[in-house]
Amino acid sequence: MANGTVTMFNHAKGHGTIRSDDGEEVPVHHTEIITNDSLPTLAVNARVVFDIQDGPNGRRAKSVMVVG
């Protein structure tokens, strides 16, 4: 699992970016946010833990959980 900070999240489109603690910018989609809310979203500057998966369009965040 990686640690990082949400740098941008577009609530209308359901996607954004996370900057991992090692400096990598990783895209995130709302379907990868683990929460009990019916409409998963992330706040800018929220601290998160997540997995990184390689895909056909590059690396992306998976299994994202807000911490703290």
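The loop between β3 and β4 contains N45. Strands, like helices, are taken as DSSP runs numbered from the N terminus, a strand (E) having at least two residues and a helix (H or I) at least four. N45 has a positive phi of about 75° although it is not a glycine. Most residues other than glycine have a negative phi. With a relative accessible area of 61%, N45 is exposed; the classes are buried for under 20%, exposed for over 50% and partly exposed in between, with a 1.4 Å probe and protein chains only. S63 also has a positive phi, of about 50°, and is not a glycine. The place of S63 is in strand β5, and at 27% relative accessibility S63 counts as partly exposed.

The model is predicted, so local features need pLDDT of at least 70 and side-chain atom pairs count only at pLDDT 80 or more, while totals for chains, interfaces and linings use all residues. Residues are numbered from 1 along each chain as its sequence is written, and side-chain values use heavy atoms, with hydrogens and water left out.

**The sheet**

Five strands form an open sheet in the order β3-β2-β1-β4-β5, with antiparallel pairing. Two strands are said to pair if DSSP finds at least two bridges between them. Because β3 and β5 each have a single partner strand, they stand at the edges, and one side of each is left without a neighbour in the sheet. On average, neighbouring strands of this sheet are turned by 45° against each other, direction ignored. This angle relies on axes that are lines fitted to C-alpha atoms (for helices over the stretch in contact), angles running from 0 to 180 degrees between N-to-C directions.

Seven bridges pair β4 with β5 in the antiparallel sense, and a hairpin joins these strands through two residues. Within this pairing, V49 has M65 of β5 as its bridge partner, and D51 stands opposite K62 in β5. β1 and β4 also run antiparallel and are joined by four bridges; here the bridge partner of G4 is V48 in β4. In a regular strand the side chains alternate between the two faces of the sheet.

**The nonpolar core**

A nonpolar core is a set of buried Ala, Val, Leu, Ile, Met, Phe, Trp, Tyr and Cys residues joined through side-chain atoms within 4.5 Å. The largest one has 13 residues, and I18, L42, F50 and V64 have the most contacts inside it. At least two residues of this core come from each of β1 (2-10), β3 (25-29), β4 (47-55) and β5 (58-66). β1 gives the largest share, three residues.

Contact means heavy atoms within 4.5 Å. Leaving aside residues up to four places away in sequence, V64 touches I18, V28, E32, I33, I34, L42, V48, V49 and F50. V67 is found in the segment after β5. V67 is partly exposed, with a relative accessible area of 36%. The C-alpha atoms of V67 and G14 are separated by 20 Å, and these residues are 53 apart along the chain.

**Salt bridges**

A salt bridge is a side-chain nitrogen of Lys or Arg within 4 Å of a carboxyl oxygen of Asp or Glu. By this rule the count comes to five.

| E25 | R19 | 2.6 Å |

D21 lies in the loop between β2 (15-20) and β3, whereas R47 is in strand β4, so the pair ties together parts that are 26 residues apart in sequence. R47 is partly exposed, with a relative accessible area of 35%. In the pair of E25 and R19, E25 counts as partly exposed at 37% relative accessibility, and R19 counts as partly exposed at 43%.

Salt bridges that share partners join E24, D54 and R59 into one network. D54 counts as exposed at 57% relative accessibility, whereas R59 counts as partly exposed at 38%.
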